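Hi,

Here is the model we talked about, ready for you to open. Have a look at it first, then read on for my notes.

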Amino acid sequence: MQVEVLSVDGLSFSYNGKEVLHQISFQVATGDFVGLVGPNGSGKSTLIKNLLGILMPQTGTITLFGTDITRFHEWHRIGYLPQKLNLSTQFFPATVSEIVALGLIARGKREKSRSAEDKAITKALDLLDILPIKQKLIGELSGGQQQRVLLARALVGNPEMLILDEPTSAIDPETRERFYAVLRELNTERNLTIMLITHDIGNIGRYAKKLLYLDRKIVFYGGFDDFCGSSDMSEFFGPSSQHIICHRHDTT
Amino acid sequence: MEILQFLQYAFIQRALVAGCFIALLCATLGVLLVLRRLSLIGDGLAHVTFGTAALGLFLKVQPIFVSVPLVVLSSLAILKLTEKARIHGDAAIGMVSALGISVGVLLASLATGFNVDLFSYLFGNILAVTPTEVAISIALAVAVIMVIIGLHRPLLSISFDEEFAKASGINTKAINNIVAVLASVTVVLAMRLVGIMLTSALLILPAVSAIQVARSFKNTMFVAACVALLSVLLGVFLSFTFNLPTGALIVLLNLGLFGILFIVGKQIHRTH
């Protein structure tokens with residue numbers, strides 16, 4: 001049975017009087033893989049910041065695992081992979097293990113013993129096939145490996161939902177394919193709920209089960225079959241844009 | 001024999017004790033500042049310290065008592081300016097730093113008689129440190145190091161990825177304020193050791209030296225602390241032996257250690 005993980009109802013948000021999100025309402029259930037797409041400035045990152053409690057809703061409500069976000073404390077149930085690092089990691093003197101451990105200090109999570117912490121880190125690295133680089137410095141890794149380390153940091157607390165903000169924007173196509181494959185595996189085999197912001201509309205249909213098209217308000221939210229078969233969407237995007245999103249949709 | 005004789009002097013003992021604590025403090029905090037690209041906040045706050053030291057001398061109060069609260073306020077003002085006034089951090093540091101220098105120059109010209117003392121704050125004179133200053137240095141250094149140890153994970157998280165830290169529920173604003181306060185206290189303490197002009201060097205050099213060879217974050221803190229301690233111990237010894245200015249020697253030794261660790265680091269990275 002699918003359980004509701006996230007519910008957004010009538011969410012609006014403005015920066016300096018300029019409305020960025022208007023009356024957003026949608027639900028995400030356990031095991032969903034939602035692709036969040038939309039043009040630049042459409043409010044995708046603002047929506048994610050609201051869902052993570054970094055920004056607080058100005059109007060409307062957000063419910064996480066059945067609890068209103070203002071009373072929600074179990075942040076360890078949500079893993080987050082930000083858009084990009086704010087600084088160059090080239091000279092950052094921290095090991096992969098130290099970086100992944102940062103995922104264990106999320107709000108509401110009890111401190112683990114050192115050995116339990118090490119076990120959790122090893123498990124997360126093993127899951128993503130990067131255990132051999134555990135003691136390497138983050139700056140010594142390739143872009144794809146760094147991205148996996150950051151995914152391991154998001155997964156180390158064993159979250160039930162994963163939110164990713166354009167995780168593949170800085171990596172090459174081959175690494176991006178492998179990264180998406182890992183996400184699909186996590187979603188199908190571990191029933192991890194995933195919400196992925198991406199500009200990669202040509203590929204999102206191959207991995208996500210649902211599409212949320214945002215342009216300050218929700219333009220479309222539903223399954224890919226509904227999106228691809230919708231004449232309204234064809235009219236809205238034009239047939240070619242709809243085709244880009246739909247043509248590689250692989251339902252297997 | 002000569003070293004034992006050297007250690008018998010009370011002023012040398014005071015210089016070494018205060019110097020070691022301040023060195024540890026600069027090294028650990030310096031790593032955090034360098035990683036967050038905030039190295040120059042030390043320079044800016046040192047300039048503010050010049051103004052506050054002049055104010056202390058003008059009011060005939062020991063400068064450290066005037067400098068600590070005023071420099072703390074200045075560092076918080078830098079953060080507020082970047083938040084509220086559409087000013088980037090470097091410009092805010094420049095503004096507050098200019099205020100400090102202006103006040104210092106103005107007070108020095110108004111009141112003649114303390115310019116010699118002010119000069120000692122500009123270039124440091126750890127050998128003249130008083131027992132009270134040693135006690136204050138130890139107390140503040142221990143307090144700051146305890147805070148850094150207690151908050152090392154949130155500090156590492158913010159240094160590496162502030163957005164993720166926020167999403168993890170770390171109160172990044174509070175931590176940034178704490179770092180600013182720690183930096184202020186450190187800068188004021190370091191002015192006695194190396195002087196206002198060279199304070200930022202003591203924050204930056206041990207950290208960048210450690211980054212050349214360290215293989216983890218903890219290791220970076222440890223190596224930075226070792227570099228800072230070694231430079232202070234050697235600096236005080238050479239300064240006494242050859243009658244040379246301590247602050248300048250400490251900074252030059254740090255630069256020398258950076259050169260050595262840079263070469264060692266190249267070899268280490270080649271093998272990994």
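Predicted model: local features only at pLDDT ≥ 70, side-chain atom pairs only at ≥ 80, totals over all residues.

For chain B the average pLDDT is 87, and 97% of the residues score at least 70. Within chain B, helix α6 (residues 115-123) has the lowest confidence, with a mean of 75, while α12(B) has the highest, at 93.

Now chain A. DSSP gives nine helices and 10 strands there. Chain A has 252 residues, of which 40% count as buried. If you take the contacts in chain A with a separation of 6 or more, 70% of them are between residues 24 or more positions apart.

One sheet in chain A is open and has six strands, in the order β6-β7-β8-β3-β9-β10, with mixed pairing. Its edges are β6 (78-81) and β10 (217-223), each of which pairs on one side only. Ignoring direction, neighbouring strands of this sheet are turned by 15 degrees against each other on average. At the β10 end, β9 (residues 210-215) and β10(A) pair in the antiparallel sense over six bridges. If you want a residue pair to look at, Tyr213(A) has Phe220(A) in β10(A) as its bridge partner.

Helix α1 (residues 44-51) of chain A touches β3 (33-37), β7 (161-165), β8 (193-197) and β9, and its direction makes about 150 degrees with that of β7(A). Helix α4 (residues 143-155) of chain A touches β6 and β7, and here the angle is about 160 degrees, taken against the direction of β6(A).

Is Ile197(A) buried or exposed? Ile197(A) counts as buried because it has 24 C-beta neighbours inside 10 Å, and the cut-off for buried is 20 or more. Beyond its neighbours within four places in sequence, Ile197(A) is in contact with Leu36(A), Lys44(A), Ile48(A), Leu164(A), Asp165(A) and Glu166(A). Val34(A) is 163 residues from Ile197(A) in sequence, yet their C-alpha atoms are 8.5 Å apart in space.

There is also an open sheet of four strands in chain A, with antiparallel pairing and the order β2-β1-β4-β5. Here β2 (18-29) and β5 (67-68) are at the edges with a single partner strand each, so one side of each has no neighbour in the sheet. Strand β4 (residues 59-64) and β5(A) are joined in the antiparallel sense by two bridges, and Thr63(A) has Asp68(A) in β5(A) as its bridge partner.

On to where the chains meet. The contact involves 22 residues of chain B and 21 residues of chain A. On the chain B side, α8 (152-160), α9 (162-167) and α12 (217-242) each supply at least two residues. That side of chain B is made up of nine nonpolar, six polar and seven charged residues.

Of those helices, α8(B) is worth a look: seven of its nine residues are buried, among them Leu155(B), Ile158(B) and Phe160(B). Which elements cover the buried residues of α8(B)? They include α2 (96-101) of chain A, along with α2 (10-35), α7 (131-150), α9, α10 (172-193) and α12 of chain B.

Cheers

Definitions and conventions
Residues numbered from 1 in each chain as written. Chains lettered and ligands numbered in written order. Pairing = 2+ DSSP bridges. Axes fitted to C-alpha atoms, helices over the stretch in contact; angles between N-to-C directions. Contact = placed C-beta atoms within 7 Å. Nonpolar A, V, L, I, M, F, W, Y, C, P; charged D, E, K, R; others polar. pLDDT = per-residue confidence, 0-100. Buried ≥ 20, exposed ≤ 12 C-beta atoms within 10 Å, placed from the backbone.
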